[in-house]
Amino acid sequence: MTDFYRGRRLRRSAPLREMVRETALQASDLIMPYFAVDTDDASFRREIPSMPGQYQMSLKQLEESVARAVDCGLRSVILFGVPKSKDPIASEAYAPDGIIQRAVRLLKKRWPDLQVITDVCLCEYTSHGHCGILREDDEIGEVQNDPTLELLAKTALSHVEAGADMVAPSDMMDGRVLAIRRRLDGAGFVSTPIMSYAVKYASAYYGPFRDAAESAPHHGDRRTYQMDPGNAREALREAMADIDEGADIIMVKPAGPYQDVIRMVSDAVDVPVAAYQVSGEYSLIKAAAANGWVNEEALVMESLLGIRRAGAKLIITYFTEDLLRRGLK
């Protein structure tokens, strides 16, 4: 018997390392985000300056992008919409023929087995850029919680009626999961799951996304409804509350800087945990790779393995298409 541990025995070759690997990443773990723009220009495809390799797209361009990704093994998408017009009550969010409703119908008609998830929030559709309804002449950005719930539930139902497989409320209003669950159940959609952005922090990592979704608030900020980055135990209260209200999957956002929270939530709940590798995480990796400072492919895989290892079963990441093209199964 040796007098020290020889861990290197199980690291000698790639097949051996793969055989004993504790955490793996596969295509079914990943969800690709897309930004659909309501435009009459079918050729519209604009790269997002702060997110190299990601695009705002017309419905036609969305279909073509998804087609390429499906051919590589894409299983799930989450959709964000950029409407033609915005108003204080986010009318386009729940319009029967809104951009997301049309995008869902398009994708589900062509790929019935593709899991189409929709982001349920109002910030892309409100003229003030907040995730809910404001009081008239509000200069602070104080969102009215309870009046917002009705519009969120209405939006979620319109997505499901269009064919969405799952809805994902991201607004962080108190009680929104219960409001959505009741509305869906009342309309006969008792089998449609809710993936709640239960633990969503007021993060500086969201900056590029607000360029992509054109959703930056015009005044005030979102710290009155998104979580304080210094809080961890609060995450458990938010997660448990949403599960009690009917959430089927719990999400932590952002992912990388909050892996401790992912682990804490994963250990505490008995539903699947998702994590969102957000726009800022994506853009930091792309910028470092563009400067030759890091190996992009290796860093992407390591970052996602870290999120999986922390306890996330599902990961929303802008690197999904790249990984599928590289042969992830």
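**Exercise 1. The overall build**

How many helices and strands does the chain have? Work out the answer, then describe the overall dimensions and surface of the chain.

*Solution.* This is a predicted model, in which local features need pLDDT of at least 70 and side-chain atom pairs count only at pLDDT 80 or more, while totals for chains, interfaces and linings use all residues. Residues are numbered from 1 along each chain as its sequence is written, and side-chain values use heavy atoms, with hydrogens and water left out.

Step 1. The chain has 11 helices and 12 strands, where helices (H or I, at least four residues) and strands (E, at least two) are DSSP runs numbered from the N terminus.

Step 2. For 329 residues, a compact globule would have a radius of gyration near 20 Å, and the chain agrees with this at 20 Å; the radius is taken over C-alpha atoms, and the globule rule is 2.2 Å times the number of residues to the power 0.38. Along the principal axes, the C-alpha atoms fill a box of roughly 75 × 45 × 40 Å.

Step 3. Of the 329 residues, 54% count as buried, where buried means under 20% relative accessible area, exposed over 50%, and partly exposed in between (1.4 Å probe, protein chains only). The chain exposes about 15,000 Å², of which carbon and sulfur atoms supply 49%; these areas come from the Shrake-Rupley method with a 1.4 Å probe, and for residues only the protein chains shown count as cover.

Step 4. Among contacts in the chain with a separation of 6 or more, 73% come from residues 24 or more positions apart, a contact being heavy atoms within 4.5 Å.

**Exercise 2. Salt bridges and their surroundings**

Which residue forms a salt bridge with Glu 150?

*Solution.* Step 1. Side chains of opposite charge can pair when their charged atoms come close. A salt bridge is counted when a side-chain nitrogen of Lys or Arg lies within 4 Å of a carboxyl oxygen of Asp or Glu, and a search of the whole structure finds 17 of them.

Step 1. Glu 150 pairs with Arg 183, the closest N and O atoms being 2.7 Å apart. This pair links distant parts of the chain, since Glu 150 is in helix H4 (residues 145-162) and Arg 183 is in helix H5 (residues 176-186), 33 residues apart. Glu 150 is partly exposed at 43% relative accessible area, and Arg 183 is partly exposed at 24%.

Step 2. Asp 171 pairs with Arg 176, with 3.6 Å between the closest N and O atoms; here Asp 171 is buried at 0%, and Arg 176 is also buried, at 2%.

Step 3. Arg 181 and Asp 185 form a salt bridge with the closest N and O atoms 3.0 Å apart, and both residues lie in helix H5, four residues apart, about one turn of the helix. Arg 181 is buried at 11%, whereas Asp 185 is partly exposed at 33%.

**Exercise 3. Backbone geometry in loops**

Which peptide bond is cis, and what is phi of Ala 90 and of Met 172?

*Solution.* Step 1. Most residues other than glycine have a negative phi, and most peptide bonds are trans.

Step 1. The peptide bond from Lys 253 to Pro 254 is cis, with omega near -5°, and Pro 254 is in the loop between E10 and helix H8 (259-268).

Step 2. Ala 90 has a positive phi, near 55°, in the loop between strand E4 (76-82) and helix H3 (99-110), and is buried at 0%.

Step 3. Met 172 likewise has a positive phi, near 70°; Met 172 sits in the loop between strand E8 (166-169) and H5 and counts as buried at 4%.
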